[in-house]
Amino acid sequence: YNPRRLPTRGGSKGSASAHSSPPRRAEMASAALWLAQALCGLARPMAPLGVSMRHATACMAATSTDTTKTEAALLRYCALTDRGQRCTPNDALQIEALIAELEATPTDMDATGLNGRWRLVYASEAVYRSSPFFWAFRQATAAFSTPVGVPSSNVMAGDPIASAIYAITDAIPFYDIGTVTQEISGAQCVIACGVDDSATAGETSDGASTQDEPSDGASDWRFTPEVPQLVSKVELSIDRLFGLPAQTSIMTTVADLKQQDAAVALEENRYLDVEVEVGTTSAAQSSIANLLPPLSALLENFPSGRALDMLAPGSSTVILSTSYLSENLRISRPILEGVNGKAAVFVYVRDDMD
């Protein structure tokens with residue numbers, strides 16, 4: 001499943017009557033041009049012939065209202081189903097329909113909109129697997145299969161070994177997943193996001209010529225001086241076992257963001273892709289490490305990215321594809337090389353602390 005092949009909103013093509021008068025055809029052409037400009041953001045919309053700006057503004061406001069209602073309905077289902085972990089078949093269908101409706105809504109996605117703190121509210125699989133580490137692990141082990149099935153799940157012998165490992169992990173009792181967040185910083189897009197940079201073409205922000213600046217060959221993206229990163233945090237708590245006190249930990253994965261080619265990163269304003277390169281994984285604020293001091297060194301900044309690349313070169317880098325992005329809500333999927341089946345879907349709400 002690839003979000004690049006999302007259903008597009010459209011209808012049957014109509015044609016003007018052969019007996020339409022020239023003024024009528026001109027009016028229809030003007031209206032079509034105005035609508036294209038309003039949706040694509042190519043220019044400030046001008047009122048078409050015979051259509052008042054007040055009416056046009058009302059239509060745009062109605063679309064915004066519909067989108068807000070759809071977002072609200074989706075968030076209600078996310079809350080009622082415990083982030084999608086307690087879905088009935090009907091709940092799953094309703095959530096999929098709402099997601100598809102939002103993805104079919106034209107939006108002006110800009111990579112800068114990814115920046116901020118995002119809290120997970122829905123996952124089509126176990127919520128802890130929203131961490132990029134688990135995306136990269138599945139990609140790194142794509143060539144390996146399990147010799148036996150997992151009776152507690154639908155995993156059969158010959159299925160990907162990652163699916164078997166995750167099924168066993170999911171079945172472990174006595175643990176709970178708390179808040180799951182992603183903190184994205186440093187992403188900034190210029191040309192690929194349709195921003196008009198002609199006024200300063202050939203110059204950098206400090207006024208210097210671009211030809212005097214070092215280049216890595218990717219001119220379509222620019223990042224702020226801040227290191228572009230995605231920091232994933234998954235709160236884990238383990239109940240009291242065998243007389244031991246309850247334990248807590250925050251599984252933290254730090255990944256670098258890399259630019260994509262403009263044509264790949266944003267195609268027809270339908271999805272926004274960024275490369276996520278897993279660097280380290282650690283158990284921050286872990287009482288488990290305090291209980292077992294020998295594990296503390298292993299649980300602090302483990303170079304998980306390098307370990308995955310040793311297993312399968314390049315597997316530490318995955319593509320995070322965002323198919324819907326508004327001020328308050330984001331729908332994203334990891335695109336994994338060599339992994340078959342439907343991509344996992346994750347829905348986040350903005351949860352900035354500022």
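Predicted model: local features only at pLDDT ≥ 70, side-chain atom pairs only at ≥ 80, totals over all residues.
User: How many helices and strands are in the protein chain?

Analyst: Both are DSSP runs numbered from the N terminus: helices are H or I with at least four residues, strands are E with at least two. This protein chain has 9 helices and 10 strands. Of its contacts between residues at least 6 apart in sequence, 68% join residues at least 24 apart.

User: What share of the 354 residues is buried?

Analyst: Buried means under 20% relative accessible area, exposed means over 50%, and partly exposed lies in between, using a 1.4 Å probe and protein chains only. By that rule, 37% of the 354 residues are buried.

User: Why is helix α4 described as largely enclosed by the rest of the structure?

Analyst: Because 8 of the 9 residues of α4 (residues 132-140) are buried. Among them are Phe-133, Phe-134, Trp-135 and Arg-138. Helix α5 (residues 161-170) has buried residues including Ala-162, Ser-163 and Tyr-166, and the buried residues of α5 pack against α4.

User: Which residues touch the most other members of the largest nonpolar core?

Analyst: A nonpolar core is a set of buried Ala, Val, Leu, Ile, Met, Phe, Trp, Tyr and Cys residues joined through side-chain atoms within 4.5 Å. In the largest one, of 37 residues, they are Leu-120, Tyr-128, Leu-257, Val-276 and Phe-346. Helix α4 supplies the largest share of this core, 5 residues. Apart from it lies another core of 15 residues, among them Leu-98, Tyr-122, Val-345 and Val-347. Leaving out residues up to four places away in sequence, Leu-120 touches residues including Arg-83, Val-180 and Phe-346.

User: Now a polar residue: is Thr-70 buried or exposed, and what does its side chain contact?

Analyst: Thr-70 belongs to helix α2 (residues 53-80) and counts as buried at 8% relative accessibility. A polar contact is a pair of N or O atoms within 3.5 Å; within protein, one must be able to donate a hydrogen and the other to accept it, and residues adjacent in sequence count only if both atoms are side-chain atoms. The Thr-70 side chain makes one with the side chain of Glu-101, at 3.1 Å. Beyond four places in sequence, Thr-70 is in contact with Leu-98, Glu-101 and Leu-102.

User: How many disulfides does a search of the whole structure find?

Analyst: A disulfide is a pair of cysteine sulfur atoms within 2.5 Å, and the search finds 0. For Cys-78, the nearest cysteine sulfur is that of Cys-87, 8.2 Å away, which is too far for a bond. Cys-78 is buried, at 2% relative accessible area, whereas Cys-87 is partly exposed at 28%.

Terms used
Residues numbered from 1 in each chain as written. Heavy atoms only, no water. Contact = heavy atoms within 4.5 Å.
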